[in-house]
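I opened this notebook to keep track of what I looked up, entry by entry.

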There are 2 protein chains.
Amino acid sequence: MLGLMQDWPLTCTRLIDHAARNHGAVEIVSRSVEGPIHRTTYRELHERARQLAKRLQRQGIRLGDRLATLAWNTWRHVEVWYGAMGLGAIYHTVNPRLFPEQIAWIMNHAEDRLLFVDLTFLPIVEKIWPRLQTIEQVIVLCDAAHLPPTTLPRVVPYEDWLAEADADFAWVEVEENTAAGMCYTSGTTGDPKGVVYSHRSNVLHALCASVPDMLGLRSRDRVMPVVPLFHANGWSLALSAPLAGSALVLPGPKMDGQSIWHLLDSERVTLTAAVPTVWLMLLQHLQSTGAGLPWLERVVIGGSACPRAITRAFEEDYDVRVMHAWGMTEMSPIGTVCAPKAGKATLTGEARLDLQAKQGIAPFGVELKITDDAGTELPWDGRTFGRLKVRGPAIARAYFKAETDEVLDPEGFFDTGDVAHIDPDGYMQITDRSKDVIKSGGEWISSIDLENLAVGHPDVAEAAVIGVPHPKWDERPLLIVVPRSDTQPRAEDILAYMQGKIASWWMPDDVVFLDEIPHTATGKIRKSALREMFRAHVLPDRRPPGARDEPPR
Amino acid sequence: MLGLMQDWPLTCTRLIDHAARNHGAVEIVSRSVEGPIHRTTYRELHERARQLAKRLQRQGIRLGDRLATLAWNTWRHVEVWYGAMGLGAIYHTVNPRLFPEQIAWIMNHAEDRLLFVDLTFLPIVEKIWPRLQTIEQVIVLCDAAHLPPTTLPRVVPYEDWLAEADADFAWVEVEENTAAGMCYTSGTTGDPKGVVYSHRSNVLHALCASVPDMLGLRSRDRVMPVVPLFHANGWSLALSAPLAGSALVLPGPKMDGQSIWHLLDSERVTLTAAVPTVWLMLLQHLQSTGAGLPWLERVVIGGSACPRAITRAFEEDYDVRVMHAWGMTEMSPIGTVCAPKAGKATLTGEARLDLQAKQGIAPFGVELKITDDAGTELPWDGRTFGRLKVRGPAIARAYFKAETDEVLDPEGFFDTGDVAHIDPDGYMQITDRSKDVIKSGGEWISSIDLENLAVGHPDVAEAAVIGVPHPKWDERPLLIVVPRSDTQPRAEDILAYMQGKIASWWMPDDVVFLDEIPHTATGKIRKSALREMFRAHVLPDRRPPGARDEPPR
């Protein structure tokens, strides 16, 4: 027997229909790439997105076609998302910070038909143009007056191109599992992999991420996604803000502390979201100028673990609530947010910061589990760590053009590649990447914990820990250190500093010094390169006799 | 091209799975029908619901079977909901306040196979038993020690019956559009009509109603649904509280002001929900005892329009935020909540109360429109009122066993039977029921506005306004008054009191006095009976010459 409820497919155009109808006068404020602040509304966005869909249709774009963007967060970028989805086409955000050859590879793999590009990134496109196999036309996100001379053929300015259609267009009705968006992950190894969001997953994720313990957006909020739309589905904010009717404030190309502060202040932003690096720049700006954050209520911090000093500064110095979050491109992307449960909301001082160091609790719609290598589930005791796996309606089951569907375990969970522990209240904390964790004598050692400890030594500028082969213990940790300039620390001193702060069987077996550690385009340590470099490293036996046989915690 | 996201059907068991896993130790506190306070947790609820599903399966209950409840809000009632849904069966809440013959009619129409009944309502079942055609067994929600002597055959106490199964049971996997729950509407005319919720509609409604501008439940909330589970799907709280991980406080059979206050206070409830009548009783208790509401943060008020005095008392005297809400059984049930948009949150005094008199704004997932009788959409200007129609994934498209599917208009909207206006910000206010609105000279007059005005006269105890046939104007308003005891108001005095407070063409053409006005079982005025009674009423011409031709506002 079926329910007798209305058939109302979960399509993304309903998000913008809702915003235009119920919150039509709410603002979308953007810093434009050309310079000035631009103001529009959900009502106008709705109109321009329909116009765009009609213009795309005239271009011959059809259901399922991919449209690439190389663009900052601006109103035009959001228009492209909704215009594409409104025709049944697919927005494909490409990360302009990748190496140009990666960008070309991704666009060819996705078979993107059009490319919408900001003025900033036109030089990249000129460089890779000869390699692009499927792009039919490049549309520059500006008006005719701002279009610079270019070597590219058939280039048009967005505003003139768009003006060739009117807004008399009804959204193409699609089944809710139809593809809506696409974003490639840039792993440290192998080719990038394409994640394909559906209308249903985008809408359900926006709903699940909108509850108060997650993003908790309200219509009276003014939301600034500093996190780029090209980073992990823009943390869903281009979808969840219209769902809530929140105003959007978009920073465009200016991501420095001064520019971010200026928008937070002048636009009275109440909630903002970005990676820790951005907040470090903002806090440095605030400290050097004495400026404050009188309007800001909440800041979402994710992408990598949020340093305690950032949390402390926001909460204690500026009275802004930090929402530590975790997710990934394959998760649409939000997996957890560190919201206070009953009994936690009144924590203060270090106990509050201890809680906020965790990545948080899962909302309805995200199932978490931790397992050992054999797939056996591990307890939620806040100590035992294992592979973090996830299941839910907005989590990937496969990658674009992948040959197999087998990224899921027998229960249908996706392996995040992270290693984590979860406490009895459900608070999850990432301890490592599973390919980086050191497997020693059947137990796991967190490379991140060791690195965080090592960088506390005054002479250590950067630290990386990798596992190197060991005849008896499978792997043992090797600490690789970049010393601060003008220092020459000794291995013994650094190990002595670490001694007593961790279980003795976690102590690195050796320390080596490098002038520089290799990084990826997005700034992560390339541990695969380090492992290759130290594959044949011979470990001394530094530890005291008997320590090797100490039972693991 | 399809998205590459996981297949994760929206089934209601996932709500309780989520709560048990992530909020397992969170409490469900109930006042029991037997007397004492009972405490359990989401983890135990999850266990007992699986046990119940297994016990039902042993009883021969199958996918699609209906299970009736005549029960207060207790942990056992919630167990029955989840146990039934976990087997693919259907919880069917029956309102014990209906006339016994209606209860029997509804259970026969639904073809309920089992009946779960609280001790309180056993006498009703004994009375209607001979008429019940499909109930195979009556299960009394108590243990063996509390089971009273009864004339009913095959009666078992719930606890003993349940103990015949263990909890080793995996939820039956169902397609998300499978029926999950059922609730009959009790209109003022005609037979009750069965609304059939699906797993999908229940889950989506719980999500849409959970955003901060709607119920906004957080894991740290302690939520008391005073509104019964048998009233309009229990306002979804038995679904949305587990979704959020909020504690549940269930008042059982005691709905008086003293008992409600006692639970609010001793259980530190942060959010509660009920109809205005309940809050009137609570406020009277507070005023007579001098007690306060130190823990309560928010109160949801719906079911009928919330009197301004109640809003004022909660907000100004007890610092509790009032959330005026509107919905209906056919809407799962929440349609709107009066949340403050940007610029409204800072309203104070009468301006704030003016806003809160409105039923509020629609969340994503509820589409509103107002139309004239021909179905033409009317503007959102805050003045023009029309038939209120709704569309969404948790709104009925048909009734159980109805012969036609034609309750929807050509655009797929359901006619709520309410008349409303909507302002440019999207705030909706109910002005009447469409069958009660008076259609005069092509324009509509709100019977509710006239009644609210008339009861302001000191001699008026109760007032009803109906349209009576008129040769020139189709209908004209007739005011029916029940005078306060020991008063003998004159028609002229009451009309004089109303004069100047409304447009002159809204003025009732006549006033008649009755000792009593007929009501339904749920306390609503039976206007159909009044219309029948005054069908041939001859209206005098009281208004000043020329006023009849005054153009409508």
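I began with the second largest cavity, where the residues of the lining divide into 10 nonpolar, 2 polar and 2 charged; here Ala, Val, Leu, Ile, Met, Phe, Trp, Tyr, Cys and Pro count as nonpolar, Asp, Glu, Lys and Arg as charged, and the others, Gly among them, as polar. Before going on I noted that this is a predicted model, in which local features need pLDDT of at least 70 and side-chain atom pairs count only at pLDDT 80 or more, while totals for chains, interfaces and linings use all residues. I also noted that residues are numbered from 1 along each chain as its sequence is written, that chains are lettered from A and ligands numbered from 1 in the order in which they are written, and that side-chain values use heavy atoms, with hydrogens and water left out.

**Cavities**

I took a cavity to be a set of points, on a 1 Å grid over the protein atoms alone, where a 1.4 Å probe fits but cannot get out, with lining residues having an atom within 4 Å of a point. Grid points are joined across faces, edges and corners, and a volume is the space filled by probe spheres set on the points. I found 5 cavities of 30 Å³ or more by this rule.

**Aromatic rings**

I searched the whole structure and found 20 aromatic pairs over all chains, a pair being rings of Phe, Tyr and Trp (its six-membered ring) with centres within 6.5 Å, where planes under 30 degrees apart count as stacked, over 60 as edge-to-face and the rest as tilted. The pair of W81(A) and Y91(A) is stacked, because the ring centres are 3.9 Å apart and the planes lie at 10°. W81(A) belongs to helix 3 (residues 75-86) and Y91(A) to strand 4 (residues 90-93) of chain A, so the pair ties together parts that are 10 residues apart in sequence; helices (H or I, at least four residues) and strands (E, at least two) are DSSP runs, numbered from the N terminus. I found both W81(A) and Y91(A) buried, where buried means under 20% relative accessible area, exposed over 50% and partly exposed in between (1.4 Å probe, protein chains only).

I also recorded one aromatic cluster formed by F385(A), W444(A), W505(A) and W506(A).

**V407(B)**

I located V407(B) in the loop between strand 17 (386-391) and strand 18 (414-422) of chain B, and at 26% relative accessibility V407(B) counts as partly exposed. Which residues does V407(B) touch, not counting those up to four places away in sequence? I listed R397(B), A398(B), Y399(B), F413(B), F414(B) and D415(B), contact meaning heavy atoms within 4.5 Å. The C-alpha atoms of V407(B) and A396(B) are separated by 8.5 Å, with the two residues 11 apart along the chain.

Key:
1 Å grid on protein atoms, 1.4 Å probe; cavity = no way out; pocket = protein on both sides within 12 Å on 5 of 7 lines; lining within 4 Å.
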